[in-house]
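Please look at the model shown here and follow the chain through its loops, its strands and its pocket. The paragraphs after it start from one residue and widen to the whole protein.

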Amino acid sequence: MIVVEHDRETIESADYLIELGEKAGKDGGKVTFSGDISELKKSKTSLTGQYLSGKKKIISDKEVARSVRQITVS
């Protein structure tokens, strides 16, 4: 079965992963990774792997709001 998914739990439970990228549309569609989850997390070419391994982090709106201590209005 092939599933297009962005849910972490679903990705981590897959037996085999294929990541397409790097971008969308005409700039995407290239295989940037194929293998299992442990290989994905070690991959230097996989953007998904970098996030799942913790090398990259998605900053939530709440985290951004907490980090902003000053707002300048001009």
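G28 touches G21, E22 and K23, residues up to four places away in sequence being left out, where a contact means heavy atoms within 4.5 Å. G28 is found in the loop between β1 and β2, and at 15% relative accessibility G28 counts as buried, a word that stands for under 20% relative accessible area, with exposed meaning over 50% and partly exposed the range in between (1.4 Å probe, protein chains only). E22, one of the residues that G28 touches, lies in that loop between β1 and β2 (30-35) as well, and the peptide bond that joins G21 and E22 is cis, with omega at about 0°.

This is a predicted model, in which local features need pLDDT of at least 70 and side-chain atom pairs count only at pLDDT 80 or more, while totals for chains, interfaces and linings use all residues. Residues are numbered from 1 along each chain as its sequence is written, and side-chain values use heavy atoms, with hydrogens and water left out.

The protein has four helices and two strands, and from the N terminus on its elements run α-β-β-α-α-α; helices (H or I, at least four residues) and strands (E, at least two) are DSSP runs, numbered from the N terminus. The mean pLDDT, which is the predictor's confidence in each residue on a scale from 0 to 100, is 85 for the protein, and 85% of its residues reach 70 or more.

Within strand β1 lies E19, which counts as buried at 11% relative accessibility. Leaving aside neighbours within four places in sequence, E19 is in contact with K30, V31, T32 and F33, and also with T45, S46, L47 and T48. The C-alpha atoms of E19 and G49 are separated by 9.4 Å, although the two residues are 30 residues apart along the chain. S46, one of the contacts of E19, lies in the loop between α2 and α3 and is buried, with a relative accessible area of 0%. Not counting residues up to four places away in sequence, S46 touches E19, F33 and L40.

The elements that give two or more residues to the lining are α1 (8-13), β1 (17-21) and α3 (47-52), and β1 gives the most, with five residues. By class, the lining has 15 nonpolar, six polar and six charged residues.

Over the protein as a whole, buried residues make up 20% of the 74 residues. The accessible surface comes to about 6600 Å², of which 53% belongs to carbon and sulfur atoms, the areas coming from the Shrake-Rupley method with a 1.4 Å probe. Of the contacts with a separation of 6 or more, 20% are between residues 24 or more positions apart.

Methods: Ala, Val, Leu, Ile, Met, Phe, Trp, Tyr, Cys and Pro count as nonpolar, Asp, Glu, Lys and Arg as charged, and the others, Gly among them, as polar.
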